[in-house]
Structures are given as C-alpha cells and as structure tokens.
Amino acid sequence: MQTKIYGSKILITGGAGFIGSFVVEELLKYDPEKITIIDNLSRGSFENIKNFKENSKIEFIEGDIRDKALLEEHIIAKDYVFHMAALRINACAANPQDGFDVMIKSTFDVVDLCAKHQIKKVIYSSSASVYGLAQNFPTPETDNPYNNQTFYGGAKLFGEQLFRSYKFMYGLDYVALRYFNVYGPRMDTDGKYTEVMIRWLDCISDNKAPAIYGDGGTTMDFVYVKDVARANVAALLSDTTDEVFNVGNGTETSLKQLLAVLLKVNNSTLTPQFIEENTINPVSRRLADISKAKLILNFEPSIDLEAGLTELSQWYFEKKVFTV
Ligand SMILES: NC(=O)c1ccc[n+]([C@@H]2O[C@H](COP(=O)([O-])OP(=O)(O)OC[C@H]3O[C@@H](n4cnc5c(N)ncnc54)[C@H](O)[C@@H]3O)[C@@H](O)[C@H]2O)c1
C-alpha cells in the first residue's frame, strides 16, 4: 500500500542513535525517496546504522544540529522531519549550557526552519520526564508537568510548547511523543550513563551478583525500541496534528521484577545484591496511560518484556563476542 511516506524526503536529527536508527529502518519499509540523517555521533554510531548506511536512499551527514546553516541546508526541500537529537538527562544536569544549546536553542532552530520551509509534518521526540513524579497512574497526557525537576524534562516541555505555538502562529503540523523507558538492542553499553539493564547484563556475563540500589520497588514502564519506532511512523501517517501522545507499554514493572525476568531469559541463577541508596530518586513510579495513542494512532505495543529482554540479551552477547 502506498502511503504519504512513499517517494517523500525525510530528515532525521539524531538518526544514528538508539531509537533514531530503528525509526530509519521502519521508514525504509514505506519506500521514501530519501532519508537524510544529521548526527554528530556524540552517542550515535556507524555500528547503529550499519544495516542501512550503504542504502542509496540514505544520506548520512556527520554534523551538529547547533550548526544552523547545516540544519537549514538539510531542512530545505524536505517533506517531513523527525527531531530526535538530544542530550541525555544526566548530560543536561552535568552541563546546563550544553543542554540549553542542544535541547532549547537548536530545537528552536529546527521548529523555526521547519515553519520557514513549510515542512508538512514534524515528529518530535519528547519524554515522560515532563511529568516528573506524575499525579495519576496510569498517567494520562493531561497530567500536569509541574512536578518535573529536571532541566531535561523542562527542555522537552519547552519543545512541545514551541511546536504548539508554531502550529498556532504559522500552521506547522507536528506530533510530540512522550516516550517512557525505552530499551532494546543498540542501547548504550559503555557510555557514562549506561542503563541499569546493561549493567546487569555485564554482571550476568561476569557471573557477579547484580546490584539493586534501594529496595527495587521503583517502577518503570519499559517499552521496546521497535514499538517506539512504529509509534513514530504511525504519528507521521496519521492525519492528527498538534497532539502529544504517551508511548509506553502500559505495564508497570519494578526494578526487582525487571531483574527477575532478565535473569530468567538468560537462565541465570544469580541472586541480587541489595545496596543502600544514598540518593533520593524523585521519580519512584512510572506507568503510561496509552489509550490515546491506541485510539488515535492505532498504536499497540507488540513486544512484551520477556520477548524484548530476550532480544536485548541476544544482541548484548553477540556484540560482546565481536568486541572481545
Ligand atoms: N531512550 C529513552 O528511554 C528515551 C526516553 C524518552 C525520550 N527519549 C528521547 O528520544 C530521542 C532519542 O533518544 P535515544 O535514546 O535514541 O538517545 P541517543 O543518545 O541514542 O540518540 C540521540 C542521538 O542524537 C545525537 N546527537 C546528540 N547531540 C547532537 C547534536 N548536537 N547534533 C547532532 N546530533 C546529536 C547523538 O549522537 C545520538 O545519536 C531523544 O530526543 C531522547 O531525549 C529517549
């Protein structure tokens, strides 16, 4: 079936990253004319895009979204833009000036240039961080964002509001997606802010007891990266505009439960080591209400935690074999 992606030209900022590289793969199924990726490879990699880097429909630009002239050069004459390049939450806290330049100033440039060059629709990667500790569980999109305490969450919210104002002022169509806890192959394995499940996979690999800080009661809503990529494409294909959607699995999982499933899929008999937590985690609970995305985007998460952690583990151990 031909969709509006067929024969179109698309820009993806941050397309060599974890989620972005899966969005590219999902888009390629719909036969666009060209997908341009701008990524400075600060966290993304050639490894992430090796499946499609040589595809003639792909144009990879190693560059920085802080370079406004570069952004404009690659926004001109595009049909659609996915704005995914961002710093991680801890990187924003460690260096708020960089956070400002990448998350706020460059997002402003993306929005402004998309309006100037009449991009048909932009899909913006927002985050569940905008809620901070939410008021309601499952959390609907209407929960207020005043509990957020992070620069990152504030910057994501600013981005959403910027898109709203540009829709109101200039008619720029967009959809913002608030991802919950995304996991899967191509997660960062050796960065400074490595996700907890990679640290636990390291323990399983080294046959060491995996550590849980606190009582393991903190919950998250883990959503598999390929489901997130499908949500992005669904947001583009849908006629909906000026809307924000939660993208989660709609399942609440404690860290203790997460570790139990990870150990199970790896046939491991290790037992966790509980370590006293010396910092207070202000967000002790996450659970997305995904009914809006189900209703309007037809979004249905298709990969449960056990299947997702199995794929993550396979990828982790294959990668390990190649890097040893
Ligand atoms: N992973 C999650 O759980 C999660 C949750 C909520 C929201 N998000 C958002 O989803 C998007 C994708 O996240 P991800 O998990 O794939 O992270 P990621 O770090 O793997 O991807 C971001 C990409 O942007 C690139 N980038 C960073 N700064 C850049 C710059 N100045 N110029 C050009 N490229 C730059 C990085 O090299 C990287 O490839 C981000 O906007 C992130 O904030 C992710």
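Trainee: What distance separates the centres of domain 1 and domain 2, taken over C-alpha atoms?
Mentor: This is a predicted model, in which local features need pLDDT of at least 70 and side-chain atom pairs count only at pLDDT 80 or more, while totals for chains, interfaces and linings use all residues. Residues are numbered from 1 along each chain as its sequence is written, and side-chain values use heavy atoms, with hydrogens and water left out. An automatic or database domain assignment supplies the bounds, giving domain 1 (9-181 + 225-248) and domain 2 (183-220 + 252-283 + 303-317). Taken over C-alpha atoms, the separation of their centres is 27 Å.

Trainee: How much area is buried between domain 1 and domain 2?
Mentor: Buried area is the accessible area (1.4 Å probe) that two parts lose on being put together, summed over both. Within domain 1, the residues that lose the most area to domain 2 are Phe 18, Arg 43 and Asn 181, together 32% of what that side buries. Carbon and sulfur atoms give 49% of the total between the two domains, which is about 1500 Å².

Trainee: How many salt bridges does the rule find across the interface of domain 1 and domain 2?
Mentor: The rule asks for a side-chain nitrogen of Lys or Arg within 4 Å of a carboxyl oxygen of Asp or Glu. The side chains of Glu 195 and Arg 88 meet in such a salt bridge, at 2.2 Å from N to O. Across the interface of domain 1 and domain 2, the number found is four.

Trainee: Which residue's side chain does Asp 188 join in a polar contact of 3.0 Å?
Mentor: Asp 188 sits in the loop between β7 (181-183) and α6 (196-206), elements that are DSSP runs numbered from the N terminus, with helices (H or I) of at least four residues and strands (E) of at least two. Because its relative accessible area is 19%, Asp 188 counts as buried, a term that means under 20%. A polar contact is a pair of N or O atoms within 3.5 Å; within protein, one must be able to donate a hydrogen and the other to accept it, and residues adjacent in sequence count only if both atoms are side-chain atoms. The partner of Asp 188 at 3.0 Å is Arg 43.

Trainee: Which residue caps the N-terminal end of α2?
Mentor: Helix α2 spans residues 68-75, and its buried residues are Leu 70, Leu 71, Glu 72, His 74 and Ile 75. At the N-terminal end, a side-chain oxygen lies 3.3 Å from the backbone nitrogen of Ala 69, and the capping residue that carries this oxygen is Asp 67.

Methods
Buried means under 20% relative accessible area, exposed over 50%, partly exposed in between (1.4 Å probe, protein chains only).
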